[in-house]
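Please look through the sequence and the structure shown here before reading on.

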Amino acid sequence: MKKVILLLAFMFVGAIAVAQDNAPETSEEVSVNYDNDLEQVKKDVEDAKAEAKKAKKEAAEQKKKDAAKKKEEKLKKQIKAKEKSISSSEKQIEKLKGQLEKGRVKGTLSPVDIQKKEDKIAKSQMKIMKEQEKLKKLNRKL
């Protein structure tokens, strides 16, 4: 029984010693650790803000590049359309001139019909001139 009591006493003393070893750190150590942690968190926040700002700037630049590329593609498409329009108008003029010459040679066209065809030809030529001016403007933009 005496041995049991001694054993319990040693266990009690040992538990107290272990409890003292696990005692909380001193207030100086806690404040130093807290300051270090606080500085680290501030640094991390600043780094995150810098990265976010950089990412936002890159996104804006990419958006500008995409817009410029879209605008260029649109201009190229418009240029192709104007060239096609001019080409078709020139073909139409050639067709009308051919019909006019053929009609004059055969003598099947009345003076009114001849005048109508000549007016159509003149109108188409004016249209071509306007289209060519627009095409020049588009090429300057590109």
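## Overall form

The structure is a predicted model, and its chain holds three helices and zero strands. Read from one end of the sequence to the other, these elements give the pattern α-α-α. The radius of gyration of the chain is 46 Å, well over the 14 Å that the globule rule gives for 142 residues, and the chain is therefore more spread out than a compact globule.

Of the 142 residues in the chain, 12% count as buried.

The helices are referred to by number in what follows. Helix H1 covers residues 2-21, helix H2 covers residues 27-106, and helix H3 covers residues 111-141.

## A salt bridge between lysine 82 and glutamate 131

Side chains of opposite charge can pair when their charged atoms come close. In this model the count comes to five salt bridges, and one of them joins glutamate 131 to lysine 82, with the closest N and O atoms 3.4 Å apart. Because glutamate 131 lies in helix H3 and lysine 82 in helix H2, this pair ties together parts of the chain that are 49 residues apart in sequence.

Is glutamate 131 buried or exposed? With a relative accessible area of 11%, glutamate 131 is buried, since buried means under 20% relative accessible area.

## A network around arginine 104

Three residues, Glu101, Arg104 and Glu118, are linked in a network of salt bridges. One of the contacts is between arginine 104 and glutamate 101, whose side chains meet at 3.9 Å from N to O. Arginine 104 and glutamate 101 are three residues apart in helix H2, and so they are separated by about one helical turn.

The side chain of arginine 104 also meets that of glutamate 118 in a salt bridge, here at 2.5 Å from N to O. Glutamate 118 lies in helix H3 while arginine 104 lies in helix H2, so this pair ties together parts that are 14 residues apart in sequence. Arginine 104 counts as partly exposed at 40% relative accessibility, glutamate 101 counts as partly exposed at 44%, and glutamate 118 is partly exposed with a relative accessible area of 29%.

## Charged surface patches

A positive surface patch is formed by Lys71, Lys74, Lys130, Lys134, Lys137, Arg140 and Lys141. Which helix gives the most to the positive patch? Helix H3 does, with five residues, although H2 and H3 each supply at least two residues of this patch. Among its members is lysine 134, which is found in helix H3 and counts as partly exposed at 42% relative accessibility.

A negative surface patch is formed by Asp44, Glu46, Asp47 and Glu51. Glutamate 51 is found in helix H2, and at 57% relative accessibility this residue counts as exposed, because exposed means over 50% relative accessible area.

## A nonpolar surface patch

Besides the charged patches, a nonpolar surface patch of about 410 Å² is made by Val4, Leu7, Leu8 and Met11. Leucine 8, one of these residues, lies in helix H1. At 51% relative accessibility, leucine 8 counts as exposed.

## Lysine 136 and lysine 97

One further residue of helix H3 may be noted, namely lysine 136, which counts as partly exposed at 47% relative accessibility. Lysine 136 and lysine 97 are 39 residues apart along the chain, and their C-alpha atoms are separated by 27 Å.

Conventions
Residues numbered from 1 in each chain as written. Predicted model: local features only at pLDDT ≥ 70, side-chain atom pairs only at ≥ 80, totals over all residues. Heavy atoms only, no water. Patch = residues over 30% accessible without salt bridge, like charges linked within 9 Å, V, L, I, M, F, W, Y side chains within 5 Å. Areas by Shrake-Rupley, 256 points an atom, 1.4 Å probe, with all protein chains shown as cover. Salt bridge = Lys/Arg side-chain N within 4 Å of Asp/Glu carboxyl O. Lys, Arg positive; Asp, Glu negative; His and termini not counted. Charge placed at Lys NZ, Arg CZ, Asp CG, Glu CD. Helix = DSSP H or I, 4+ residues; strand = E, 2+ residues; numbered from the N terminus. Buried < 20%, exposed > 50% of the residue type's maximum accessible area, 1.4 Å probe, protein only. Rg over C-alpha atoms; globule rule 2.2 N^0.38 Å.
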